[in-house]
Amino acid sequence: MKKKLKNKNYWGGRFVNSPAETMVEINSSIRFDNKLFKQDILASKAHAIMLSNQNIISKSEKNSILKALDKIEKEIANSKMKFKNELEDIHTHIEDRLIKLLGPLGKRLHTARSRNDQVATDLKLWVRDENNKINLFLQNLQGV
């Protein structure tokens, strides 16, 4: 069932009505991409440092973002973040929490960054990390 809420825009302001529950569910990837949280935070930290190095954000803003990302990483690792389909994916969950912690500064982390870049970077980092684990398992097996 679609809801109409006053002064609430969905999907980047392109729609006034919320999507149907079925659409929310099939559009959400959080149930499987939540395992990318460490990689997403690592990539977000690198992006914040780049933004600071390019004088897009100040050093103090970068430090605030890095500190907030550390807090978010601990919250997720300690199962303090509740994942919900409405926020779709791990990137949106982290960004939403960052904005709640930092206000408008949290939105600045998305500067010069696309969702496609986030997905590709997170997956590459995750595969690298998983390959490192497999290598350790293989080394242990060879040692036996």
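This is a short tour of a predicted model, stop by stop, with what to select and what is there.

**Stop 1: helix α4**

Start by selecting residues 59-77, which form α4. This helix has 19 residues, and the distance from its first C-alpha to its last is 27 Å, close to the 27 Å expected at 1.5 Å a residue. Now colour its buried residues: K62, I65, L66, A68, L69, I72, E75 and I76. What lies over them? The cover includes α3, α5 and α6 (104-108).

**Stop 2: the nonpolar core**

Keep α4 on screen and bring up the side chains of I65, L69, I72 and I94. In the largest nonpolar core, which has 19 residues, these four touch the most other members. Which helix gives the most to this core? That is α4, with six residues. At least two residues come from each of α3, α4 and α5. As background, nonpolar side chains tend to be buried together in soluble globular proteins.

Setting aside neighbours within four places in sequence, I65 is in contact with A48, I57, L98, L102, L105 and L109.

**Stop 3: α3 against α4**

A pair of packed helices is described by the angle between the axes and the distance between them. For α3 and α4, the angle is about 175° and the axes are 9 Å apart. The two helices are therefore roughly antiparallel to each other, since an angle over 145 degrees counts as such.

- from α3: F37, K38, I41, S44, K45, A48, I49 and S52
- from α4: K59, K62, I65, L66, L69, D70, I72, E73, I76 and A77

Colour by class and the contact of α3 with α4 shows 10 nonpolar, two polar and six charged residues.

**Stop 4: the loop from α4 to α5**

Next, follow the chain out of α4. Just after this helix comes S79, with a positive phi of about 55°. Most residues other than glycine have a negative phi. S79 sits in the loop between α4 and α5. Is S79 buried or exposed? Its relative accessible area is 66%, so S79 is exposed, the cut-off being over 50%.

Stay in the loop between α4 and α5 and select E88, which also lies there. Phi of E88 is near 65°, again a positive value in a residue other than glycine. E88 counts as partly exposed, at 25% relative accessibility.

**Stop 5: helix α7**

Now jump to residues 115-143, helix α7. It has 29 residues and reaches 42 Å from first C-alpha to last, close to the 42 Å expected at 1.5 Å a residue. Which residues of α7 are buried? They are Q118, D122 and L125.

**Stop 6: α5 across α7**

Show α5 together with α7. Their axes come within 10 Å and cross at roughly 110°. The two helices are therefore roughly perpendicular to each other, because angles of 65 to 115 degrees fall in that class. On the α5 side, pick H91, T92 and E95; on the α7 side, pick R115, Q118, V119 and D122. By class, this contact of α5 with α7 has one nonpolar, three polar and three charged residues.

**Stop 7**

Leaving out neighbours within four places in sequence, Q39 is in contact with D122, L125, W126 and D129. Two names on that list, D122 and L125, are among the buried residues of α7.

**Stop 8: T111**

Finish in the loop between α6 and α7, where T111 is found. With a relative accessible area of 32%, T111 is partly exposed. Not counting residues up to four places away in sequence, T111 touches H47, L51 and I56.

Key
Residues numbered from 1 in each chain as written. Predicted model: local features only at pLDDT ≥ 70, side-chain atom pairs only at ≥ 80, totals over all residues. Heavy atoms only, no water. Helix = DSSP H or I, 4+ residues; strand = E, 2+ residues; numbered from the N terminus. Expected span 1.5 Å × (residues − 1). Buried < 20%, exposed > 50% of the residue type's maximum accessible area, 1.4 Å probe, protein only. Axes fitted to C-alpha atoms, helices over the stretch in contact; angles between N-to-C directions. Parallel < 35°, antiparallel > 145°, perpendicular 65-115°, else oblique. Contact = heavy atoms within 4.5 Å. Nonpolar A, V, L, I, M, F, W, Y, C, P; charged D, E, K, R; others polar. Core = buried A, V, L, I, M, F, W, Y, C linked by side-chain atoms within 4.5 Å.
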